[in-house]
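I opened my notebook today to look around a protein, one topic at a time. Come along and check each entry against the picture.

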Amino acid sequence: MNSRGFESGTGTPEPELVDLEPATTAVVHGVVPMAGLPDFFDTSFGALARILAEQRITVLGPAFGLYHGTPGETLDLEVGFPTDRAVRPEAGVVAGSLPGGRGARLTHIGAFDGLGASWERLHDWTRARGLTVAEDRWETYVTEPSPDMDPRDLRTELNWPVTG
């Protein structure tokens, strides 16, 4: 691995252990079928933008999706942003938080349809090191997607709290 956290010669980021900083968040919560994820994200980000602007809350970082439990036919998730203070609940937007502590992190490079394989890779990496993963985990969308961008340019940070 080189000094930028990439496996030598591959351009593929390697997982790493990090100290996760706790964060206050503004989120929209839902239990969503897999096919409904794009619409849920779009609707949630629209509501978040409106409510955060109305309440003059400062966004402190990129958007994220926090996943509760193991994905199945549906996903139990929160979509939101880290913020400078708690939001007043309104129009489905509520206060939330991201946990602090020890975590495993992997930067996924490319389209969202490859995220499942990257999560599996991160899970395998933690198991190989004798670490136990938490029920909840989240993706931080480092690169804001846009309709005209090349999906290969997307960067998504996978964060999974661990013990052990």
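**Entry 1: confidence**

I began by noting that this is a predicted model. I looked up the pLDDT and found an average of 91 for the protein. I also noted that 93% of the residues score at least 70. Residues 1–10 are another story, with a pLDDT below 50. In the model this stretch has 15 contacts beyond near neighbours in sequence. I wrote myself a reminder that where pLDDT is low, the predicted coordinates should not be read in detail.

**Entry 2: the largest pocket**

Next I went looking for empty space, which shows up when a probe the size of a water molecule is rolled over the atoms. The largest pocket has a volume of about 1000 Å³. I asked myself which residues lie nearest its centre. They are Phe 41, Phe 112, Leu 115, Glu 139 and Tyr 141, out of 31 residues that line this pocket. Helix H1 (37–54), strand S4 (74–82), helix H2 (115–128) and strand S8 (137–141) each give two or more residues to the lining. I sorted the lining by class and got 22 nonpolar, 4 polar and 5 charged residues.

**Entry 3: the second largest pocket**

I then turned to the second largest pocket, which holds about 220 Å³ of space. It is lined by 16 residues, and closest to its centre are Glu 21, Ala 23, Leu 98, Trp 138 and Thr 140. Strand S1 (16–20), S8 and strand S9 (155–163) each supply at least two residues of this lining. By class I found 9 nonpolar, 3 polar and 4 charged residues here.

**Entry 4: aromatic rings**

How many aromatic pairs does the whole structure have? My search found 5. To describe a pair of aromatic rings, I note the distance of the centres and the angle of the planes.

I looked at Phe 41 and Tyr 141, whose rings are 5.9 Å apart centre to centre, with 80° between the planes, an edge-to-face pair. Phe 41 sits in helix H1 and Tyr 141 in strand S8, so this pair ties together parts that are 100 residues apart in sequence. Are the two residues buried or exposed? Both Phe 41 and Tyr 141 are buried.

I moved on to Trp 119 and Trp 160, also edge-to-face, at 5.3 Å centre to centre and 85° between the planes. Trp 119 belongs to helix H2 and Trp 160 to strand S9, 41 residues apart, and the pair links these distant parts of the chain. Trp 119 and Trp 160 are buried too.

I also noted one aromatic cluster, made of Phe 41, Phe 45, Phe 81, Phe 112 and Tyr 141.

**Entry 5: two loop residues**

Last, I checked backbone angles, remembering that most residues other than glycine have a negative phi. Arg 56 has a positive phi, near 55°, and I found this residue in the loop between H1 and strand S3 (64–68). Arg 56 counts as exposed because its relative accessibility is 70%.

Ala 91 has a positive phi near 55° as well, and lies in the loop between S4 and strand S5 (93–98). With 52% relative accessibility, Ala 91 counts as exposed. I looked for its contacts, leaving out residues up to four places away in sequence, and Ala 91 touches Ala 47, Arg 50 and Ile 51. The C-alpha atoms of Ala 91 and Ile 51 are 7.8 Å apart, although the two residues are 40 residues apart along the chain.

How values were computed:
Residues are numbered from 1 along each chain as its sequence is written. This is a predicted model: local features need pLDDT of at least 70, side-chain atom pairs count only at pLDDT 80 or more; totals for chains, interfaces and linings use all residues. Side-chain values use heavy atoms; hydrogens and water are left out. On a 1 Å grid over the protein atoms alone, a cavity is a set of points where a 1.4 Å probe fits but cannot get out, and a pocket is an open set with protein on both sides within 12 Å along at least five of seven lines; lining residues have an atom within 4 Å of a point. Grid points are joined across faces, edges and corners, and a volume is the space filled by probe spheres set on the points. Helices (H or I, at least four residues) and strands (E, at least two) are DSSP runs, numbered from the N terminus. Ala, Val, Leu, Ile, Met, Phe, Trp, Tyr, Cys and Pro count as nonpolar, Asp, Glu, Lys and Arg as charged, and the others, Gly among them, as polar. pLDDT is the predictor's confidence in each residue, from 0 to 100. Contact means heavy atoms within 4.5 Å. Rings of Phe, Tyr and Trp (its six-membered ring) pair if their centres lie within 6.5 Å; planes under 30 degrees apart count as stacked, over 60 as edge-to-face and the rest as tilted. Buried means under 20% relative accessible area, exposed over 50%, partly exposed in between (1.4 Å probe, protein chains only).
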